[in-house]
Amino acid sequence: QVHLQESGGGLVQPGGSLRLSCAASGRVLSFYVMGWYRQFPGKQRELVAYITTGGSTNYADSVKGRFTISRDNAKNTVYLQMNSLKFEDTAVYYCKADPGLHWGQGTQVTVSS
């Protein structure tokens with residue numbers, strides 16, 4: 001069983017930056033494909049970015065060039081660096097580990113002036 005804990009969310013002004021962290025316990029994270037998802041009120045979760053065990057990455061078009069996903073296997077942690085944040089990035093952000101569909105509890109990101 002993998003337990004995931006997100007952190008780093010908060011309130012930021014448009015154009016600002018945040019770095020989300022997803023720390024794993026229970027299993028070695030390097031064996032998993034890790035993804036960041038977000039959920040807007042009343043909507044389904046959508047993929048933001050993922051990183052494979054080999055380090056390949058993929059991003060939603062809406063965040064390309066602004067967000068960067070990375071992993072530190074030694075720390076069993078995955079990160080999402082979010083730059084140039086926009087109002088429309090406001091959502092609850094979740095990390096996920098596959099295989100197994102393991103989810104964290106989510107962290108709120110609010111972009112507001």
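**Terms and values**

Author: Cys22 and Cys95 are both buried, where buried means under 20% relative accessible area, exposed over 50% and partly exposed in between, with a 1.4 Å probe and protein chains only. This is a predicted model: local features need pLDDT of at least 70, side-chain atom pairs count only at pLDDT 80 or more, and totals for chains, interfaces and linings use all residues. Residues are numbered from 1 along each chain as its sequence is written, and side-chain values use heavy atoms, with hydrogens and water left out.

Reader: What makes Cys22 and Cys95 a disulfide?

Author: A disulfide is a pair of cysteine sulfur atoms within 2.5 Å. The sulfur atoms of Cys22 and Cys95 are 2.0 Å apart, so the pair qualifies. The structure holds one disulfide.

Reader: Which parts does the pair tie together?

Author: Cys22 lies in strand β3 (residues 18–25) and Cys95 in strand β9, so the link joins parts that are 73 residues apart in sequence. Strands are DSSP runs of E, at least two residues; helices are runs of H or I, at least four; both are numbered from the N terminus.

Reader: What is the handedness of the link between Cys22 and Cys95?

Author: The link is right-handed, with 60 degrees about the S-S bond.

Reader: Why does Tyr94 count as buried?

Author: Its relative accessibility is 11%. Buried means under 20%, so Tyr94 counts as buried. Tyr94 lies in strand β9 (residues 91–98).

Reader: Which residues is Tyr94 in contact with, leaving aside neighbours within four places in sequence?

Author: Among them are Glu6, Trp36, Arg45 and Trp103. Contact means heavy atoms within 4.5 Å.

Reader: How many helices and strands does the protein have?

Author: Zero helices and eleven strands.

Reader: What share of the residues is buried?

Author: Buried residues make up 42% of the 113.
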